[in-house]
Amino acid sequence: MSYNIHHCNPPSKQGVIDVDAIANAIKQEDPDIVAVQEVDVNTGRSGRINQAALLASKTNLKAFHFAKAIDHGGGDYGVLILSRYPLSDIHTYKLPMEANSQGEPRVLAMATVHLPGGKKMKFGSTHLDAMRNPANRLLQIKTINAIADTIAVPMIVAGDFNAEEGSEVIKLLDNQFTRTCSPCQPTIPAVNPKKAIDFIAYKPQSAFSVILHKVVNETYASDHLPVTAVMKLHF
């Protein structure tokens, strides 16, 4: 699953933080692993709560890795991995930006997921730059591809890429990974969505079969719709 959660603030309720709405949306799909974006940890706007730890507890996906991207309101803001299975080799990769671009720093959260039967895979959660100019996103996806080049086991990367199919950013993603959808249903805005920018992708192609790809019709909890994929491993 991939889900940009808008720091647990339902867009229809300005200033309200509803962690339960996000947790329920995740639980409804019963995922094994989730890439989460726009997560607040101890920020002022979210009432000094640790959304990463609360989501891990409320979804019963208790293995988690929060990767800080920026300071925000006296706390941290970034991306998250939630997992039913144990995680190790957790790492936060800082993604590049052009000098003086005024972009917000972005990261890739990565971990090794220990699957049943002693098997392992890598999982990454990311949120690329949101500026109109794609220069930072291009740098960031090239960096993610370079990191993926160094990984010998099967890998999934998921998140908010802030880029649509057909863009140079997604073409670069597709050079290294296979997306679970093509073409993809729109994911934003949550009400009457127009654009697909949230994706799940994997490599190598031979390691996975996609059984199901779905955009979840959860219009209250966030400004993005959650994306889920059911995948079969072949290794």
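Predicted model: local features only at pLDDT ≥ 70, side-chain atom pairs only at ≥ 80, totals over all residues.
**View 1. The contact between helices α3 and α4.** The axes of α3 (residues 135-149) and α4 (residues 168-176) come within 9 Å and cross at roughly 5°, and the two helices are therefore roughly parallel to each other. On the α3 side the contact is made by Arg137, Leu138, Ile141, Lys142, Asn145, Ala148 and Asp149, which meet Glu168, Val169, Leu172, Leu173 and Gln176 of α4.

**View 2. Helix α2, its buried face and its ends.** Within α2 (residues 51-59), the residues Gln51, Ala52, Leu55, Ala56 and Thr59 are buried. Viewed down the axis of α2, these buried residues fall within an arc of 135°, so they line one face of the helix. An α-helix has 3.6 residues a turn, so residues three or four places apart point the same way. The cover over the buried residues of α2 includes α1 (19-29), β2 (33-41), β3 (63-72) and β4 (75-83). At the N-terminal end, Asn50 caps α2 through a side-chain oxygen that lies 3.1 Å from the backbone nitrogen of Ala52, while Asn60, which follows α2, has a positive phi, near 65°.

**View 3. The surroundings of Phe235.** Phe235 is placed in the segment after β12 (227-233), and its relative accessibility of 31% means that Phe235 counts as partly exposed. Leaving aside neighbours within four places in sequence, Phe235 is in contact with Leu115, Lys119, Lys120, Pro154 and Ala207. Phe235 and Lys119 lie 116 residues apart in sequence, with a C-alpha to C-alpha distance of 8.1 Å.

Definitions and conventions
Residues numbered from 1 in each chain as written. Heavy atoms only, no water. Axes fitted to C-alpha atoms, helices over the stretch in contact; angles between N-to-C directions. Helix = DSSP H or I, 4+ residues; strand = E, 2+ residues; numbered from the N terminus. Parallel < 35°, antiparallel > 145°, perpendicular 65-115°, else oblique. Contact = heavy atoms within 4.5 Å. Buried < 20%, exposed > 50% of the residue type's maximum accessible area, 1.4 Å probe, protein only. Arc of directions from axis to C-beta. Polar contact = N/O pair within 3.5 Å; in protein donor to acceptor, adjacent residues only side chain to side chain.
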